[in-house]
Amino acid sequence: MESISDRHPGRRYLYVCEGITDEDRLKKLGCLFVLPTGGKFIRHEIVSFLKLAYEVRDLVLILDPDGPGRKIQERLVQEVGPSLTIQVEQRKAIKKDKVGIAQMAMVDLKEKLRPFVLHDILTDENLSLDEEDFYKLGLVGPGSKEKREKLIAHYHIPFTSAKKVEDCLLMLQINAKEIQEVLS
């Protein structure tokens, strides 16, 4: 694990992984805010979003222990900023000739995540939105897509589904009043 100072002590971490399977595994182990890069060809929107998130959260990079994973790490550190990094031993991340976080035994992954998840559990962060806010703002249901598209453009959110947009707004600590201002 690379050590840097905790820039945002009252906030949960934002975990950055490579794929959707990695994201699912991290969430099962207690990571609330997880963003997959989509692999080594990271879309510009993901980097732009991470730059905004970096202003309010510490990033924890948990990437595959291979060449593409190292390249993703290098790019994110260069373009976004210094981040906490969970180093995974390659021998523990190999299964059926594949290398990655998704191939790790859950017990090994849990052990690597333990101090980070413990930090998140002990952090008393008030979430900026709740589901009721999302409904009141008209961000779900008929006619909601246009509103979400405004938020997606404004905050560089790399996803379009209501749930993913809500998650990203929470990652950025955006509240209902700020959303209303963007939608007006």
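Predicted model: local features only at pLDDT ≥ 70, side-chain atom pairs only at ≥ 80, totals over all residues.

Modeller: Residues are numbered from 1 along each chain as its sequence is written, and side-chain values use heavy atoms, with hydrogens and water left out.

The lining of the largest cavity divides into five nonpolar residues, no polar ones and four charged ones, where Ala, Val, Leu, Ile, Met, Phe, Trp, Tyr, Cys and Pro count as nonpolar, Asp, Glu, Lys and Arg as charged, and the others, Gly among them, as polar. A cavity here is a set of points, on a 1 Å grid over the protein atoms alone, where a 1.4 Å probe fits but cannot get out, and lining residues have an atom within 4 Å of a point. Grid points are joined across faces, edges and corners, and a volume is the space filled by probe spheres set on the points.

By this rule there is one cavity of 30 Å³ or more, and the largest cavity holds about 30 Å³ of space. Its lining is made up of E23, K27, V34, L35, F159, K164, D167, C168 and M171. Two or more of these residues come from each of α1 (20-28), β2 (33-36) and α7, with helices (H or I, at least four residues) and strands (E, at least two) taken as DSSP runs numbered from the N terminus. Helix α7 supplies the largest share of this lining, four residues.

Conventions. 1 Å grid on protein atoms, 1.4 Å probe; cavity = no way out; pocket = protein on both sides within 12 Å on 5 of 7 lines; lining within 4 Å.
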